[in-house]
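Please keep the sequence and the model in view while reading.

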Amino acid sequence: MRINVHAGHNFKVPGASGVFSEIAEDRKVKDLVISKLRAAGHTVYDCTDENSGTVNGNLAAIVAKCNVHAVDLDVSIHFNCYNGSAHGTEVFIYNWGSAAESYAQRIVDRIGELGYTKRGVKTNPSLYVLGHTSSPALLVECCFCDNAGDASKYTADKMANAIVAGITGNTLSGSAPTGNAKGWLSKGDTGAEVTVWQKTLNTFGSNVNTDGDFGSDTEAQTIRVQRLVGVNPDGCVGEKTKSAVSVYLKKNNWIQVRDGRWWYRHADGGYIKNDWEKIGGVWFHFDGSGWMQIGWLQDNGKWYYLKANGAMAGDELVRTGGKVYYVDKSGKMCYTDSSGALK
């Protein structure tokens, strides 16, 4: 990977303070993150600004340094403070769906494993660095430097290990990745186990290449499926993800494919085609290929209206195309003029 890393603020533009100083410790963590990533074979640029004397100047200088390089990820390292009682770790990204999201989630998870409360991944498009860097960016608030509990857990080396583990998808021991001993699949992995996972993703309509290469598309579809089955969307495939997928596929469940269409998969892998099915007390209709339908549907000479979520309308007014229609309890449209619309 090619990565920009910088520590926030500088000694002329102080950051947070409390039990320890943000600008002292974020630089220690930054230096360790850079050295560990370089030792693992990644190209890393230090984009820290030490010279600007104003907040705006500091931010602009950092962004300018970052944008010199075409990288996979920009990483901004900070420490938080509030009132001594707030605690935990959080990572900010510009928006959901950003290429930085999976890295951010893994960083939160790895820092959380050090004993910090996981405040989660959050979006904040108003943060200058996130909004002005040209590559995917994230900002790590490692922990709260004014909280005694967070401070008692903190060492720069452990924090750097956690951040590097989140970026690379590898577990760290000391200062080097443990490689295949990590126990889960993530971006960059290759082999037969990846191929098996890609085939599983395609059960969910992911349409990824089953080439045994865990690349960006496989990662993105992993996150999509993790959200569907209700596990942490970190883009890594461990036992929790595999178990949740297995449980999901053993039951009748909705499946949304990558282009947004829905079908209803039965536990045996079958599905309804060109017919109605009652699901959770609500009627849905599926076309000849098994896709859930929406909008007006004519069936046996009767008209029915399927809402945006596929549910059949019943005993209610339907407003569409600038007109108002009424459908009875059975879902059938009741004619009131030649077009079916209410007069």
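Which residues of the largest nonpolar core touch the most other members? They are Val-29, Leu-138 and Ile-163, in a core of 37 residues. A nonpolar core is here a set of buried Ala, Val, Leu, Ile, Met, Phe, Trp, Tyr and Cys residues joined through side-chain atoms within 4.5 Å, where buried means under 20% relative accessible area with a 1.4 Å probe, protein chains only. The model is predicted: local features need pLDDT of at least 70 and side-chain atom pairs count only at pLDDT 80 or more, while totals for chains, interfaces and linings use all residues. Residues are numbered from 1 along each chain as its sequence is written, and side-chain values use heavy atoms, with hydrogens and water left out.

At least two residues of this core come from each of β1 (2–7), α1 (22–39), β3 (73–80), β4 (89–93), α3 (101–112), β6 (137–144) and α6 (156–168); helices (H or I, at least four residues) and strands (E, at least two) are DSSP runs numbered from the N terminus. The largest share, seven residues, belongs to α6. Beyond its neighbours within four places in sequence, Ile-163 is in contact (heavy atoms within 4.5 Å) with Val-29, Val-33, Ile-77, Ile-107, Ile-111, Val-140 and Cys-142. A second, separate core has 19 residues, including Phe-214, Val-231, Leu-249 and Trp-263.

The largest pocket is lined by 15 residues, among them Arg-110 and Lys-240. On a 1 Å grid over the protein atoms alone, a pocket is an open set of points where a 1.4 Å probe fits, with protein on both sides within 12 Å along at least five of seven lines, and lining residues have an atom within 4 Å of a point. The helix α9 (239–249) gives the most to this lining, with three residues.

Definitions and conventions:
Buried means under 20% relative accessible area, exposed over 50%, partly exposed in between (1.4 Å probe, protein chains only).
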